[in-house]
Amino acid sequence: MNRDPVLSVSGLSVTYDVDPPVEAVRDVSLTVGQGEVLGLAGESGCGKSTLAYAVQRLLRPPAEITGGQVVLHAVDGAAGGDVDLTTLSPAEMDRLRWDQVAMVFQGAMNSLNPVLTIGAQLADVFTRHRPAMGRAERTATCGALLEMVGVGADRLRSYPHELSGGMRQRVMIAMALALRPRLLIMDEPTTALDVLVQREILQEISRLREELGFSVVFITHDLPLLLEISDRIAVMRAGRVVEVGTASEIYHAARHEYTKRLLGSFPSLTGDRGDFVRKGAAV
Ligand SMILES: Nc1ncnc2c1ncn2[C@@H]1O[C@H](COP(=O)(O)OP(=O)(O)OP(=O)(O)O)[C@@H](O)[C@H]1O
């Protein structure tokens with residue numbers, strides 16, 4: 001399936017300037033299509049998170065982008081055109097983050113402020129990014145967001161400790177989707193949750209993506225999970241993308257030795273080969 005690109009990463013490299021330097025991301029090129037779920041797989045330490053943080057320009061020293069571009073494409077040739085995120089000033093990037101590209105990371109649910117209600121924290125996104133929005137509309141929008149992720153508007157006045165981990169992670173997803181970003185980057189968003197809650201949240205993300213049409217970069221070391229939820233999968237190893245293919249290509253016809261080894265390391269994938277690839281996924 002051909003989709004218009006939302007994001008194109010080309011030749012991106014990131015080094016941690018320590019002694020000796022760590023080249024965490026090496027010459028990575030990837031595109032994410034509109035409405036696509038791109039899975040990013042690879043074992044711990046291969047550079048997945050560094051790549052995600054680089055795209056969002058959230059890296060801090062000693063990390064440094066040493067080359068490449070991260071282009072966010074314009075919607076249908078809209079004013080302003082394509083933007084290379086690596087060239088934006090911090091203030092320009094602040095405006096764009098959340099608004100166009102949002103991120104949910106593994107520990108996100110623990111980053112909610114314990115002394116503020118869920119409603120106040122959601123409202124803060126609008127106060128900062130949509131200052132013209134009136135109070136009543138803000139409250140209504142925050143309530144609708146909580147409904148959308150299955151938490152319920154009656155939780156607006158709850159404090160984080162009154163919600164389960166799964167619910168708090170849903171709140172973080174609501175926050176990430178608040179401004180209707182075009183791209184959602186999720187770095188192990190459900191890893192800390194039990195399997196049932198994880199599954200419910202993944203179904204919710206799939207449903208929301210269909211409803212709202214955003215694209216997703218989904219990062220995890222859990223390849224079976226990626227095979228189920230992704231349209232395409234990029235496999236990373238030691239900072240490089242070694243293979244990109246549709247979920248079906250990766251599952252049935254992996255070309256790279258490392259991908260085959262990675263597939264082989266999940267016993268559930270090497271027994272009777274079930275129907276792992278998501279129904280309706282691009283082949
Ligand atoms: N602050 C840092 N200073 C030096 N090296 C770092 C730093 N942060 C990460 N690295 C190194 O960069 C490489 C990539 O790390 P990264 O966290 O991006 O990998 P990952 O694939 O996301 O791993 P995980 O799944 O465990 O989070 C690793 O070799 C790691 O040790």
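**How the strands, helices and core are identified**

Author: Aspartate 84, in S5, is the bridge partner of valine 71. The model is predicted.

Reader: How do you know that S4 and S5 pair?

Author: Two strands pair if DSSP finds at least two bridges between them. S4 and S5 have two bridges, in the antiparallel sense. So they meet the cut-off and count as paired.

Reader: What makes S1 and S2 a pair?

Author: The cut-off is again at least two bridges. S1 (residues 5-16) and S2 have eight, in the antiparallel sense. Therefore S1 and S2 count as paired. In this pair, valine 9 stands opposite leucine 30 in S2. The two strands form a hairpin, with five residues between them.

Reader: How do you know that S1 pairs with S4?

Author: S1 and S4 (residues 63-72) share eight antiparallel bridges. At least two are needed, so this is a pair. Valine 14 faces isoleucine 65 in S4.

Reader: What is the order of the strands in the open sheet?

Author: The order is S2-S1-S4-S5, four strands with antiparallel pairing.

Reader: What makes S2 and S5 edge strands?

Author: Each of them, S2 and S5 (83-84), pairs on one side only.

Reader: How do you know that the span of H6 agrees with its length?

Author: Helix H6 (residues 195-212) has 18 residues. Just after H6, glycine 213 takes a positive phi of about 80°.

Reader: Why is the set around Ala174 and Val217 called a nonpolar core?

Author: A core is made of buried nonpolar residues joined through C-beta atoms within 7 Å. The largest such core here has 75 residues, and Ala174 and Val217 have the most contacts inside it. Helix H5 (residues 165-177) gives the most to this core, with eight residues.

Reader: Which residues does alanine 174 touch?

Author: Leaving out residues up to four places away in sequence, alanine 174 touches Leu122, Leu145, Leu146, Met148, Val149 and Val151. Nonpolar side chains tend to be buried together in soluble globular proteins.

Reader: What surrounds the ligand?

Author: 14 residues do, and the closest are Tyr16, Ala24, Ser44, Ser49 and Thr50. S2 (22-33) and helix H1 (48-55) each supply at least two residues of this shell. The largest share, three residues, comes from H1.

Reader: How many residues of the shell are nonpolar, polar and charged?

Author: By class, six are nonpolar, seven polar and one charged.

Terms used: Residues are numbered from 1 along each chain as its sequence is written. This is a predicted model: local features need pLDDT of at least 70, side-chain atom pairs count only at pLDDT 80 or more; totals for chains, interfaces and linings use all residues. A residue is near a molecule or strand if its C-beta atom, placed from the backbone, lies within 6 Å of it. Ala, Val, Leu, Ile, Met, Phe, Trp, Tyr, Cys and Pro count as nonpolar, Asp, Glu, Lys and Arg as charged, and the others, Gly among them, as polar. The expected span of a helix is 1.5 Å times one less than its number of residues. A residue is buried if 20 or more other C-beta atoms lie within 10 Å of its own, exposed if 12 or fewer, and partly exposed in between; C-beta atoms are placed from the backbone. Two residues are in contact if their C-beta atoms, placed from the backbone, lie within 7 Å.
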